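The notes follow in the order I took them.

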Amino acid sequence: MRGIPASPGIAIARSRVVDRRHIRVPRIRIEQSDVEHERERLMEAVTESRVQVETAVRALLDAGGGQGDHSLILQAHLLMLDDKLLVDGTLEMISEKLINAEWALQRKMEEVGQMLANLGDEYLSERSQDVEFVGNRVLRNLLGHVTEILESEEPTSPCIVISSNLSPAETAQMVAGPVLAFATEEGTLTSHTAIMAQALGIPAVVGVERLTDHLEGGDLVIIDGLDGIVIIRPDDTLIKSYTEKAARYAEVETRMRSTRDQPAVTTDGVDIQLMCNIELPGEAALALDFGAEGIGLYRTEFLFLDKAAPLGEEEQYRTYLAVMKAMAPRPVVFRTFDLGADKMPGELRSREKNPALGLRAIRYGLRNRTMFKTQLRALLRTSKYGDLSIMFPMISGLSELRQTKALLDEARAEVGNINPDAVKIGCMIELPSAVFVADLLAREADFFSIGTNDLIQYSLAIDRGNDHVAYLYTPYHPSVLRSIKMVLDAGNNADIPVSMCGSAAAQCAMAPILVGMGFRSLSMSPTSIPFVKSTIRSFSVTEAQDLASQVLAMETSAEIEDTARSFIADRAELDFSA
Ligand code: PEP
Ligand code: MG
C-alpha cells in the first residue's frame, strides 16, 4: 500500500495494530450540584495527562544523543494543557451547559478544531491535530482508557505499529521501546508526528488510506520509509530484496550520520557552508542536530498564519530571540514575512485572480507598513544577541529595495542603540526581473540569496503547486542555470556573497553544479543536510567547475540533469532502490 514517506528507513517485523479511531464519549446532562465534581474530574485528567507527556519528554531526554532537543513539540503539548482555550473553555462549558466533563471536552475540541480549520490554512489545520492529540489524551484519562500504545500489552519483541493515527508523544516513546517503525492512515509529511519520527530516526509511512482494514495484529509487515510503501504479508522474494535494501540503507545511513560532525568540504579542501531552512522556532534544535552551520532562511510568515491579528512586537521579539540564542554564535537569516498568495492568515486570504502575481511578500509589507515596521523593530532588537541578517522576499527592482531600507532605517531610529554594521541586509533573488537588475541590487544589498522555488515558477511560468505542469518544473533548465550564473556574477562584481535557499540547493545532483559555479553557502531543510554534505565531500572544486562549464553550454534540461546525475552516481552512493 502506498502512503507518504514520512521518515526514512526500512523495517521488517510483525505488526501491532493499535486502534486509535474511536473513543466513545458518554453524553450526560448533570445537575448544578455535580458541576464541581465534573470540573475536578477534568482537572485530574489534565494533571494525569501532563504527567504522561512529561514522562514522554523524559524518555527523550534519557535517550541522550541530543534527542532531548526534540522534546519541543511535546513541550508545546504541555503548554496546551495549561491553555485557556482548551482547558478553561471546557471548564466553562461544564458549568454553563451542565454537561459531563467528557462531553464538554469533546465539544470544546470540536470548537477549537473548527476555528483552526476555518482559518482555511493547511499549516494550521495540521496544527489542529495537536489539539486533537492533547484533547484525546485527556479524554482517555477521563474514561480510564489505556493512553500509551506500549503500555497496553508490553510488547517486548520488535514490532511495527500500525494505527489510524499516532500523536507526537506516542511517537516519542518509541525511542525506548521495541517499536522498529510505524505506519498510519492519517498524517502528512509536515505533521509533528512525522517530524518527530524523522528526528528520532524511526522509519515511518503516513497517510496510508484504510491501512488498518487490510491487516491484523501479528501479520508480517515491511515498512519502506524511503519510498512510502507498506507491504503486508510479503513473500520470500520481497523479504529478501527488502532485507538487502535495509542493509544498504543502514550502511549509507551510518556513513551519513558519521558526516554530521565532519565539515562540508570538497576533496580539494574548499569549505561549503551548509545552513538550514526553518519554518518554526522549534526547528532550530533540529537544524543543529543535523549539523547546520546556521539558519539560511527562517520563513517568519509561519508565525502569522495562525493569528487572527498580526503578532505584537514583544511576542515576535521573544520568538526571534529564542532562535537567535539557540543558534548563537551561528548566523541566522530572517526572511521578513512572505505573506500573500498561498500564505495568508485566515480572513485576509487573497481574493485576487492571480495571487502569485499579486500583493504578496515585500509588496504586502510595503502596503501594510505598520505591521512590517513592527516586525523590523522586533528583528533589529535581537541583533545584540547574535549574528543577525534580515532578508527581503520577492524584490523586483531597486526602488522596492530602497523603500524597504528606508522603512528599516525608520525602525532602526525608533529602536535605537543598534550597531548598523552588525545587521546584514539581504535581497532574495526569486524574480526574473531581479536577476536582470542583480548588478544594481548588488550595490545596495549586503548579500543575495537565490530562491529557486519562485525563480523557477516565475521564469518558466509554472505554478509551483500545479500537478499538471510539475513535469516542466526543474532547476536544470538552461534558463534557470543562466539566471543563477548572472546573479553570481553580479554578486562577485560587487563583492557580496550569494547563497541559495530554494529547494534546488537540497538536490544532491545540483550540488556539484552549484559549487562549480561558485556557491560557497547553501541553505536547505535539516534532513537534506547529511545527503548534500556527503555529496560535497565526494568531489573536488576543479571537477565541479568542469561540470558547471559543461552543463552551462548544454541545450536541454534533460541533458543537464543526466550529466549531473551521472557525475554524482559514481561518487556518492545515494541510491537505495530495492
Ligand atoms: C524560494 O522561493 O525559493 C524560497 C526559498 O522561498 P519560499 O519557498 O518560501 O517561497
Ligand atoms: Mg519564494
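I located Arg210 in the loop between β5 (204–206) and β6 (220–224). I note here that the model is a predicted one.

I then turned to Met394, another non-glycine residue with a positive phi, this one about 60 degrees. I found Met394 in the loop between β11 (387–392) and α14 (398–415). Met394 has a relative accessible area of 1% and is therefore buried.

While on the backbone, I looked up a cis peptide bond. The bond that runs from Ala328 to Pro329 is cis, and its omega is near 5 degrees. I placed Pro329 in the loop between α11 (313–327) and β10 (331–335).

Metal site.

Which residues coordinate the magnesium ion (ligand 2)? I read off Glu430 through OE and Asp454 through OD, at 2.0 to 2.1 Å. Glu430 belongs to the loop between β12 (424–429) and α15 (432–436), while Asp454 belongs to helix α17 (residues 452–460), so the pair ties together parts that lie 24 residues apart in sequence. I checked the accessibility of each. Glu430 has 2% relative accessibility and counts as buried. Asp454 has 3% and counts as buried too. Water is not among the atoms, so I keep in mind that the site may look incomplete.

Whole chain.

I took down the totals next. The chain has 22 helices and 15 strands. Of its 578 residues, 56% are buried. I also looked at the contacts between residues at least 6 apart in sequence, and 70% of them join residues at least 24 apart. The accessible surface of the chain is about 24800 Å², and carbon and sulfur atoms hold 50% of that.

Helix α20.

I picked out α20 (residues 529–536) for its burial. Seven of its eight residues are buried, so the helix is largely enclosed by the rest of the structure. I listed the buried ones as Ile529, Pro530, Val532, Lys533, Ser534, Thr535 and Ile536.

Rings.

How many aromatic pairs does the structure hold? I counted eight. Phe304, Phe337, Tyr364, Phe372 and Phe392 are linked by ring pairs into a cluster. I also looked for charges over rings. The charged end of Arg381 sits over the ring of Tyr317, at 3.9 Å from the ring centre. The charged end of Lys325 sits over the ring of Tyr385, where the distance to the centre is 5.1 Å.

Salt bridges.

My search of the whole structure gave 25 salt bridges. I wrote up some of them.

Glu36 and Arg39 form a salt bridge in which the closest N and O atoms are 3.9 Å apart. Both lie in helix α1 (residues 35–63), three residues apart, or about one turn of the helix. An α-helix has 3.6 residues a turn, so residues three or four places apart point the same way. Glu36 has a relative accessible area of 47% and is partly exposed. Arg39 is partly exposed as well, at 25%.

Asp219 and Arg233 meet through their side chains in a salt bridge of 2.6 Å, N to O. I placed Asp219 in the loop between β5 and β6 and Arg233 in the loop between β7 (229–232) and α9 (236–258), so this pair ties together parts that are 14 residues apart in sequence. Asp219 counts as buried, because its relative accessibility is 14% and the cut-off for buried is under 20%.

Arg412 and Asp409 also meet in a salt bridge, at 3.1 Å from N to O. The two are three residues apart in helix α14, so about one helical turn separates them. Arg412 is buried, with a relative accessible area of 17%, whereas Asp409 is partly exposed, with 43%.

My last entry is a network. Salt bridges with shared partners join Glu313, Glu314, Lys373, Arg377, Arg381, Glu410 and Glu414 into one network. Arg381 is the residue I had noted over the ring of Tyr317.

How values were computed
Residues are numbered from 1 along each chain as its sequence is written. Chains are lettered from A and ligands numbered from 1 in the order in which they are written. This is a predicted model: local features need pLDDT of at least 70, side-chain atom pairs count only at pLDDT 80 or more; totals for chains, interfaces and linings use all residues. Side-chain values use heavy atoms; hydrogens and water are left out. Helices (H or I, at least four residues) and strands (E, at least two) are DSSP runs, numbered from the N terminus. Buried means under 20% relative accessible area, exposed over 50%, partly exposed in between (1.4 Å probe, protein chains only). Contact means heavy atoms within 4.5 Å. Accessible areas come from the Shrake-Rupley method with a 1.4 Å probe; for residues, only the protein chains shown count as cover. Donors are N, O and S atoms within 2.8 Å of the metal (3.2 Å for Na, K and Ca); water is not among the atoms, so sites may look incomplete. Rings of Phe, Tyr and Trp (its six-membered ring) pair if their centres lie within 6.5 Å; planes under 30 degrees apart count as stacked, over 60 as edge-to-face and the rest as tilted. A charge sits over a ring if NZ of Lys or CZ of Arg is within 6 Å of the ring centre and within 35 degrees of the ring normal. A salt bridge is a side-chain nitrogen of Lys or Arg within 4 Å of a carboxyl oxygen of Asp or Glu.
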